[in-house]
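Welcome! Here is a short briefing to read alongside the sequence and the 3D view.

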Amino acid sequence: MLTSSSIVSRADDVLAANVDNELVMIRLESDGYFGLDEIGRRIWELLDEARTVDAICSSLLEEYDVQPADCEADVLRFLSELEEHGVVFVEN
């Protein structure tokens, strides 16, 4: 289960490219793709190296006007979705 202390890293087989105002990602092992908005793209950028959810939230709190509890809930939800699709790996 993903928690604030979980360490998250990118899957190796994900290709990403900027298209208009989105970051479009495709995982080579699947047929689907993901389009990320500004915040999703920023989270992906922060995953250039393995990080805890807390570290990701700390960076986002410095950059965006968001409440800590809301940020953590949204980041956990977003990363859980990416994990379900095999785009990120989680270590607890």
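On a 1 Å grid over the protein atoms alone, a pocket is an open set of points where a 1.4 Å probe fits, with protein on both sides within 12 Å along at least five of seven lines, and its lining residues have an atom within 4 Å of a point. Grid points are joined across faces, edges and corners, and a volume is the space filled by probe spheres set on the points. The model is predicted, so local features need pLDDT of at least 70 and side-chain atom pairs count only at pLDDT 80 or more, while totals for chains, interfaces and linings use all residues. Residues are numbered from 1 along each chain as its sequence is written, and side-chain values use heavy atoms, with hydrogens and water left out.

**The largest pocket**
- The volume of the largest pocket is about 170 Å³.
- Its lining is formed by Ile-39, Gly-40, Ile-43, Leu-60, Tyr-64, Val-66, Asp-70, Cys-71, Asp-74, Val-75 and Phe-78.
- H1 and helix H3 (68–84) each supply at least two lining residues; helices (H or I, at least four residues) and strands (E, at least two) are DSSP runs, numbered from the N terminus.
- H3 gives the most to this lining, with five residues.
- The lining divides into eight nonpolar, one polar and two charged residues, where Ala, Val, Leu, Ile, Met, Phe, Trp, Tyr, Cys and Pro count as nonpolar, Asp, Glu, Lys and Arg as charged, and the others, Gly among them, as polar.

**Helix H1 against helix H2**
- H1 (residues 38–46) and H2 (residues 53–63) pack at an angle of about 130 degrees with their axes 10 Å apart; axes are lines fitted to C-alpha atoms, for helices over the stretch in contact, and angles run from 0 to 180 degrees between N-to-C directions.
- That makes H1 oblique to H2, since angles under 35 degrees count as roughly parallel, over 145 as roughly antiparallel, 65 to 115 as roughly perpendicular and the rest as oblique.
- Arg-42, Ile-43 and Leu-46 of H1 meet Ile-56, Ser-59, Leu-60 and Glu-63 of H2, contact meaning heavy atoms within 4.5 Å.

**Helix H2 against helix H3**
- The axes of H2 and H3 come within 10 Å and cross at roughly 125 degrees.
- That makes H2 oblique to H3.
- Among the residues in this contact are Cys-57 and Leu-61 of H2 and Pro-68 and Leu-79 of H3.
- By class, the contact has ten nonpolar, no polar and two charged residues.

**Val-90**
- Val-90 sits in strand E6 (residues 88–91).
- Beyond its neighbours within four places in sequence, Val-90 contacts Leu-2, Ser-6, Ile-7, Val-8 and Glu-83.
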